Amino acid sequence: MLITTGDHETSAAVRRAKELAGLAGVPYVSRSRTSLARLAERHGDGDILVVLEKGARLHRTGREPMTFHPSMAFVRAKRLFKGENDAMLDAARVVPGDVIIDGTAGLGSDAMVFSIAAGAEGQVLALEDSLPLWALLTEGLKFYVSGLPAFDEALRRIEPIHTNHLDALRAMPDKSADIVYFDPMFRDPIAESSSISPLRTFANPNRLDPEAVKEACRVARKTVVLKEQRGSGEFDRLGFAASSRSHTKIAYGVISLDPKR
């Protein structure tokens, strides 16, 4: 992967691009009004992250580019700020102050909603094992501006970590988080938005490993939650009790670890 800026290389954009390249351990390349296709050919790498004024955009040669955007998370956030419920938060039993691990962060849509619910006193760790997606997520969470300050503050509180969730969970102490959440990529996609479809190019398509669920149950104090299609056999395979709203195409499977609930 390469990291560069847009056509107009402002000093702020160059500084951000260099900082992100250092964090990711990949080359920073000066744009110098060069096309992305030429940069990819010159450096022998088709994955290019472009730092923008208020976020970032990810390119892969021959694929549709993907710009960081909260998508439906922003709609869900506005509903939360109005006092409405959210099915994922209800399933996970989130309360302010919770420590939440999103094991399959992607572009952080669910992590954003968790961050709002956990509040400033809580903590959300967003784990992502795809380096390009992690870089896009990291830059977006820092610099995306929605126009809704409370939502932007929730984004800034999320901690994106480039790691495989199983490796990360194995290294965590017992009962060190309240909730562990998984949203593996659906293998049989339902109707997708334009923001989700390009994600498949970069995301890990593997099924969730039972070992990851076992480790999640060791780490979590309250719940382990799995997002899947309604009627999915993954809930039975992995030991989750499905909890869903009848009018939705997705469901949340829950393993409750609190004996009082």
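A hairpin joins β2 to β3 through 2 residues, in a model that is predicted, where local features need pLDDT of at least 70, side-chain atom pairs count only at pLDDT 80 or more, and totals for chains, interfaces and linings use all residues. Residues are numbered from 1 along each chain as its sequence is written, and side-chain values use heavy atoms, with hydrogens and water left out. Helices (H or I, at least four residues) and strands (E, at least two) are DSSP runs, numbered from the N terminus.

Strand β2 (residues 47–52) runs antiparallel to strand β3 (residues 55–60), and 6 bridges join them; two strands are taken to pair if DSSP finds at least two bridges between them. Valine 51 has alanine 56 of β3 as its bridge partner. On β3 the antiparallel pairing continues with strand β4 (residues 66–67), over 2 bridges, and there leucine 58 stands opposite methionine 66 of β4. The hairpin of β3 and β4 has 5 residues between the strands, and in this hairpin glycine 62 takes a positive phi near 85 degrees.

The protein has 11 helices and 11 strands, and 7 strands form an open sheet in the order β7-β6-β5-β8-β9-β11-β10, with mixed pairing. Because β7 (159–162) and β10 (241–243) stand at the edges with a single partner strand each, one side of each is left without a neighbour in the sheet. From one strand to the next the twist averages 25 degrees.

Within this order, strand β5 (residues 99–102) and strand β8 (residues 177–182) pair in the parallel sense over 3 bridges, and aspartate 102 has tyrosine 181 of β8 as its bridge partner. Helix α10 (residues 210–219) packs on the sheet, where it touches β5, β8, β9 (220–229) and β11 (250–256), and its direction makes about 145 degrees with that of β9. Helix α6 lies across β6 (123–128) and β7, running at about 160 degrees to β7.

## Helix packing

Two packed helices are described by the angle between their axes and the distance between the axes; the axes are lines fitted to C-alpha atoms, for helices over the stretch in contact, and angles run from 0 to 180 degrees between N-to-C directions. Helix α1 (residues 11–24) and helix α6 (residues 131–143) pack at an angle of about 140 degrees, with their axes 11 Å apart. The two are therefore oblique to each other, on a scale where angles under 35 degrees count as roughly parallel, over 145 as roughly antiparallel, 65 to 115 as roughly perpendicular and the rest as oblique. Contact (heavy atoms within 4.5 Å) is made by Arg16, Leu20, Leu23 and Ala24 of α1 and by Leu131, Trp134, Ala135, Thr138, Glu139, Lys142 and Phe143 of α6. The residues of this contact divide into 7 nonpolar, 1 polar and 3 charged, where Ala, Val, Leu, Ile, Met, Phe, Trp, Tyr, Cys and Pro count as nonpolar, Asp, Glu, Lys and Arg as charged, and the others, Gly among them, as polar.

Helix α5 (residues 109–118) and helix α7 (residues 149–157) pack at about 105 degrees, with their axes 8 Å apart, which makes α5 roughly perpendicular to α7. Here Met112, Ser115 and Ile116 of α5 meet Phe151, Ala154, Leu155 and Arg157 of α7, and by class this contact has 5 nonpolar, 1 polar and 1 charged residues.
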